[in-house]
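Open the model in your viewer and keep the sequence panel beside it. This tour says what to select at each stop and what is there.

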Amino acid sequence: MSTTASSSAPDYSSREKQRRRLLLLVAVIVLIAAGLGILWWLLRGQYWIETNDAYVTGNITPVDSLSAGTVKQVRVENTEYVHAGQILAALQGSQTRLAMEQAGAHLAATVRQVRQDFARVQALQQSVQAQLAERQKLKMDLNRYQQSLPSGAVSRIRIENTQNEITAAAAQVAAIQAKLRGARAIVAGTTVSDNPLVQQAATAFEKADINWQRRLIRAPISGYIAQRSAYPGLKVAAGQHLFSVVPLNDLWVVANIKETAMRHVRPGQAVQLTSYYYGHQVRYHGTVLGLLPGAGSAFSILPPENATGNYIHIVERVPVRIAIPARELAEHPLRPGLSMIAQLHWKPGQKHSVLQPLTTTPTQGYATTVYRTELLQAQQRAEVIIRQNS
C-alpha cells in the first residue's frame, strides 16, 4: 500500500505544475491582448466612430400624370433605363384634342371680332366726318338764308328749319363721337395680334394646347424605372402617380450617429463605407458633407412630447450626409435603401464648423428641360390661327 501511495504523489504534483503553467500562459496572453487593445484604442480606436445605422439614399423622382385621361399605351417597364424626355406612357387624347380645337375656334372668332372692331372704328370716324360736313353745309346755308331774308327771297320758316337741322346734326355728331370713343377703347393702342381680347383667347388656347401635349407622359430626368402603376385602360386624374425614375449615378449615404459621439463629427472628415450588398471586400471612401439640422425624432410625423408624462431618456441619433465618390459608385453600383456600415475618422484639433457644410447642389438630376418647349409650341400654333384669321 505504501508503494502505491508514494508513486501517485509525483503524478499529482506534475499535473498541478502543468495547470499553473497553463494559467500563467493564459494570463500572459490576456495581458498582452489587453495591452494591445489599449494601445490600439489610444493610437487608433478612439478616433473612429462606427455605426451600422446607415443607408444609401438618392433622388427618387416621381412621374405624375399632368392631365386627366385614360391610359392608352405603356411604353416602359420596371428596371428599364430611360432618357430624359422619353415617352413613358400615352393617354387617350380625344377629350383634350376637342378642348384644344374648341379653344382654337374661339380664338379665330375673337380675331375676326376684333377685326370688325377695328373696321367699326374706321366707319365711325367716316360717319363723324360726314356729319361734320353736313353740319358745316347747314351753317353755310343758314348764313345765306339770313342774308336773303330782308329781300324776301327766303322765308323765316326756312331759316328756323335750318337752325333745327343744325342742332340735330350737332347732336348726331356727339352721338357718333360717343360710339367712336367706345369702339376706340377696345382697339386703342393695339393691333389685332396684341389686342387684349385676342391675347385672352390665345392664352386659353395655349392652356388647352399644353393640356393636349401632356397626354404624352415623359421622363423628366434620365434613370431607371420603378414603381410603375400605369396600365392600359386605367383612368387617371391630374397629379396621379404613375412611375418613379431613379438615377443611380448620384447617390449618398445618410448615417445616423449617436448624439454622444457627435461632438467629434465635422464636415470634410473621411468615412469608410461598407455595404452588406458587396460585403467587406468592397470599401467606399466617403466624405462627410454636412449634418442635418436636427435629430431624427424632430422630423418624425409625431415628434415626442416629453413634458406630457413619464420621461424615459433615449439616446438620439443625428443624420449625417456622406458623399460617395462617383468613380467608386460606377465600379460598384448601389441602390437606394441598402444598408451600410459607416466608420468615420476624426482627428483632434479639427476646427471646421458644423455650420459650414460642404454640400452643394449639382446641376444634373436637379433640373429638367422636358417641359421647356410646351409653351413655345402652343404659342406658335396660336400665332398661326391669329395670322390665318387676320
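Start by selecting Glu77, which counts as partly exposed at 38% relative accessibility. On this scale buried means under 20% relative accessible area, exposed means over 50%, and partly exposed is in between (1.4 Å probe, protein chains only). This is a predicted model, in which local features need pLDDT of at least 70 and side-chain atom pairs count only at pLDDT 80 or more, while totals for chains, interfaces and linings use all residues. Residues are numbered from 1 along each chain as its sequence is written, and side-chain values use heavy atoms, with hydrogens and water left out.

The side chains of Arg228 and Glu77 form a salt bridge of 2.8 Å, N to O. Arg228 lies in the loop between strand E7 (223-226) and strand E8 (235-236), and Glu77 in the loop between E3 and strand E4 (81-82), so the pair ties together parts that are 151 residues apart in sequence. A salt bridge here is a side-chain nitrogen of Lys or Arg within 4 Å of a carboxyl oxygen of Asp or Glu. Helices (H or I, at least four residues) and strands (E, at least two) are DSSP runs, numbered from the N terminus. Arg228 is buried, with a relative accessible area of 19%.

Next, select Asp53 and Arg317. Their side chains meet in a salt bridge of 3.7 Å, N to O. Asp53 belongs to strand E1 (residues 48-58) and Arg317 to strand E13, so this pair links parts that are 264 residues apart in sequence. Arg317 is partly exposed, with a relative accessible area of 29%.

Move on to strand E5 (residues 87-91). Five of its five residues are buried, so E5 is largely enclosed by the rest of the structure. Strand E3 (residues 69-74) pairs with E5 in the antiparallel sense over three bridges; two strands pair if DSSP finds at least two bridges between them. Gln73 stands opposite Ala90 in E5. E5 is also joined to strand E6 (residues 216-218) by three bridges, and these two run antiparallel. Ile87 has Arg218 in E6 as its bridge partner.

Then select strand E11 (residues 270-275) and strand E12 (residues 279-291), which run antiparallel and are joined by six bridges. A hairpin of three residues connects E11 to E12. Ala270 stands opposite Thr287 in E12. E12 also pairs with strand E13 (residues 317-323), antiparallel, over four bridges. Here the bridge partner of Val288 is Ile322 in E13.

Select Ser244 in strand E9 (residues 241-246). Is Ser244 buried or exposed? At 2% relative accessibility, Ser244 counts as buried. Leaving aside neighbours within four places in sequence, Ser244 is in contact (heavy atoms within 4.5 Å) with residues including Ile60, Tyr224 and Gln227.

Finish at Leu22 in helix H1 (residues 2-43). At 52% relative accessibility, Leu22 counts as exposed.
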